[in-house]
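Here is a friendly walk through one model, from its cores to a few backbone details. Please keep the sequence and the 3D view open as you read.

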Amino acid sequence: MRENRADINWLSKTEVFKINAICAHSDHRFYLNKEDADRENMTLRHSLNGTWKFLYSKHIAQRETDFYREDYDDSKMSEIEVPSSIQSVRYNYSIPHYTNQKYPWDGHSAIIPPQISEGEKDEVGSYVRYFDLPQEYKDMRVFVSFQGVENAFYVWLNEEFIGYSEDSFTPSEFEITQYLRDKNNKIAVEVHKASTGAWLEDQDFWRLSGIFRDVYIYAIPDIHLRDMFITSSFNNDYTSATLNIEGNIEKELETELNMNKVSVSADVIYDRERVACIQETDISDSSFILTTDIDKPRLWSAETPHLYDIYIYIKKDNVIEEVVRYRYGLREFKMDNGVMKLNGKRIVFKGVNRHEFSCYNLRSVSEEEMLWDIKFLKANNINAVRTSHYPNNTRWYELCDEYGIYLIDETNLETHGTWNYGKERDMNAIPGDKPEWLYIVLDRAKSMFMRDKNHSSVLIWSCGNESYGGLDLYKMSEFFRKADSTRLVHYEGIYNDRTYNDTSDMESRMYATVTDIKQYLDTKPTKPYISCEYSHAMGNSCGGLSLYTELEDMYEQYQGGFIWDYIDQGIMREDIYGNKVLAYGGDFTDRPTDYNFCTNGIIFADRKTSPKMQEIKHLFANIVIKPNKAGVHISNNNLFVNTDYVKFEYTVELDGSLVDEGGFVVDVNPGEDRLVSVPYRSMNESGEYAITIKALLKNDTKWEKAGYEVAFGQYIFVNEKNISEKLYEQISNVQTTYRVVNGKDTLGINGDNFKVMFDKQKGSIISYVLNGIEYMAKPPYPDYGRAMTDNDRGCGYDYELAEYMTASIVRKCVHFSYTIESGHVKVRVEYKNAMSADTKTTIIYTVFAGGEVLVEEKYKGAKGMPVMPQFGITFATYRQYNYMRYYGNGPMENYSDRAKGARLGIYETNATDNMTPYIIPQECGNRTKVRWMQITDKKGHGFEIISGKRNIEVTVLPYSSVEINQALHQEELPNPYYTYITVSGCKMGVGGDNSWGARPHDEYLISGEEEHEFSFMISPLR
């Protein structure tokens, strides 16, 4: 029965979540004729996007209750763009509010489910728009569609109440035919941030409200295909497919089908050629089934996103009434003996979790941003997305179909704030076993299923996220299974509550350790394993990712995972000086908040690439390249395509200089390996060789141009002497004179074109002059700490390792001596460390006659010392010497536990660019396996650093670790005056299993108890 009056009490009733809304249906488009369908010209849809009149009310009680009336004076209303969020910084109506699992009203309102918050957290937005009815819609049934409104809303048209709906992330539609007029229709929408539904939307994201997706009206013909479900099945070897189309017809009158001849037929088109024709079939009631066989079908996958155009023709009395066009991929996804398979092949998800977010438009992600995202995923070997934690914009699914991305489609459900982790069943969790919450969550599942069921990219339905367990969730999973036999069902929460273990078809966990995953898989379980969230990408992170991807080849039932997450949820705003800066939780005085925990992306908020992608792209590559001296071993981990879509190019470098290059083409079948000989030129000269082989796209694709690198491999070996040994030989052969000046407090060593001075009391180099230019702005000191990362803070390292930071800032020189030896002066300095009297650090400086300074640092550990962040030396030169050219791992920053995607080469960068713009400044810019590095100004004046017996790690930044640690935003960093250079023998990994307790894996830690030593040389430029 239709409701004619709005009731504010619906907001707090679990049994009321939709009033007067039509049933959810598939998201197909429909046209009046085939010509419009070919052009995708949907004349029966009319957008209401644009500028709306708007009133903001901080509290429910303050809202204008009669704004929807036609005699309301709307001249006092302001404006807002639709789609957008009310909390957008461009409006200044309200502030965005970020929390992770806490409800935003926590501490503001003492309420329990299903009560709604009052006071500051029950904001209301009142929208008004006027529109004329398109002339062609006259005498047709007309509906209004809201694709996404957060969180609950009421709708009026021309003063008549139309309906009410909750569920922010699936469409809500209402028929408005009887209330329309030809001109000046007034549609009014009242959007509430507080509702029962808000208890179900406790996702880790910004808490916003408003009409954030498209709004449009649409008209339907007399006979209309309201809903359809396309499925496919296959014979055993996939040489034949059966296509099934089930449809439901909506008619103008109950007797329409009986009064007229209504029929349906279909064409199946691939690449403009008809591959199947389903003959016209009469419809005697409101539903139909069409079936056809397709011989030698082109199967859909992420590698081969083949789509068939299906045209469905609805006729009345042999005249086309409506044409539906849908692009559909034929594919089979199923469980086979405990392994998930796509088209008969074991699948591995190389995925990310993706929030819909724009730093400019918040929840409203534009078409251009979606296209950028999909191309970025494809270009970086990411094949899967979990729609965390709600259904996305329907356009996203079309793009995933077209470009080839596997989807876990997730129900809009998270209730993390109602329960706690523990061994006992948490009976406070909702929905749990509570019957009063069952139908509202089932409706959310059904709304998602009905809209998205025809998208080939959707392989798995998810019951939601972090909502504990219980009967209600199990019934959701059973709904999916009964409604759709072509997909599987996912729910991670059964790990916390095994009462209804069959809720999920696969074992899915968050942030499990590699050891935990192995222990599960070693039991030979009945369910395969995926990590629905892993490798928490907060700040400088994703260390140790390779330890997870290695499991893909170790266990058949390990089927990949989804990195958390895709994009930093930072919001662009102006600071107090008018500069555009990125903000995170708490920056808008939003409380409670979880601060920068919203910035966990593998890309930055402004959609710029993070250095983390260097590692991810390499580890996710389907073509694995392992060069050797004779050729290359190529593994094709694609499931369905051979390697003929790429060409291979190789380079051979000797000590960083190119000595050979070439290319070849080879076809390796999917799932196979092949050894390929490569005719390299002779590699017998003394030095270090690097053989690099790249796989490049042969032709343009939808997502990248020809020549784009999709994968690479590198092999390094040394003949006789490496580059450092050669350079040290050159230095030792320099024949020149120098003199030593032993002053009271200062030791000076002067040569023809250099001067080195030591402070005897502090035990430091205070001057390093080459050709009359002073380069030493701040003396070198032993550096055991580094700027903290988000992961360091999360696991307590900022406290536990604070003594190393202190010891790096202050130290006491307890010994200074020097000796003059043949061709050089050796200075020995010993330090007493602030961290422990039992530890000892010694630095030996050897000054050669050519102005070179060999630096040897030795550390004696002590029992009970914690792990050491780094073992190195830091000094500063002047700001203008900020250009860096080096021979080592690059091109992007890399660390001991995140260097698989780096490659050896000669690279150029600068201190400013090395300052990776993590939203909170932190350790960044490191380069591993460095052989030599040159520091210069723009004119080329400078000096060089050469590794000793072992390769070194270096960072060159415009700020010290102390300055970096003190800043909470990039814009808080001061104007730089120096270039800080840190040379390390070893540096702790960045970690990334999670950001709230996990530490870097043991193999990437540095013992504070053991002895360490390394060396490098500061030298005039060669």
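The report below covers nonpolar cores, helix packing and some backbone features.

This is a predicted model, in which local features need pLDDT of at least 70 and side-chain atom pairs count only at pLDDT 80 or more, while totals for chains, interfaces and linings use all residues. Residues are numbered from 1 along each chain as its sequence is written, and side-chain values use heavy atoms, with hydrogens and water left out.

Let's begin inside. A nonpolar core here is a set of buried Ala, Val, Leu, Ile, Met, Phe, Trp, Tyr and Cys residues joined through side-chain atoms within 4.5 Å; buried means under 20% relative accessible area, exposed over 50%, and partly exposed in between (1.4 Å probe, protein chains only). The largest such core has 108 residues, and Trp396, Ile563, Ile602, Ile634, Phe648, Phe664 and Ile693 have the most contacts inside it. Helix H5 (residues 435-452) gives this core its largest share, seven residues. Helices (H or I, at least four residues) and strands (E, at least two) are DSSP runs, numbered from the N terminus. Another core, of 74 residues, lies apart and includes Met42, Val144, Phe153 and Ile220.

Next comes a helix pair. Helix H3 (residues 367-379) packs against helix H4 (residues 394-403) at an angle of about 35 degrees, and their axes are 10 Å apart. The axes are lines fitted to C-alpha atoms, for helices over the stretch in contact, with angles running from 0 to 180 degrees between N-to-C directions. Contact means heavy atoms within 4.5 Å. Among the residues making this contact are Met370 and Leu371 of H3, and Trp396 and Leu399 of H4.

In helix H14 (residues 802-809), the buried residues are Tyr804, Met805, Ala807 and Ser808. They lie on the same side of H14 because they cover an arc of only 160 degrees around the axis, taken from the directions from the helix axis to the C-beta atoms. Their cover includes strand E49 (778-783) and helix H16 (961-966).

| Cis peptide bond | Omega |
|---|---|
| Glu150 to Asn151 | about 10 degrees |
| Trp564 to Asp565 | near -15 degrees |

Finally, consider positive phi values. Lys524, not a glycine, has phi near 55 degrees, and Lys524 is exposed, with a relative accessible area of 70%. Asp655 also has a positive phi, of about 55 degrees, but Asp655 is buried, at 12% relative accessible area.
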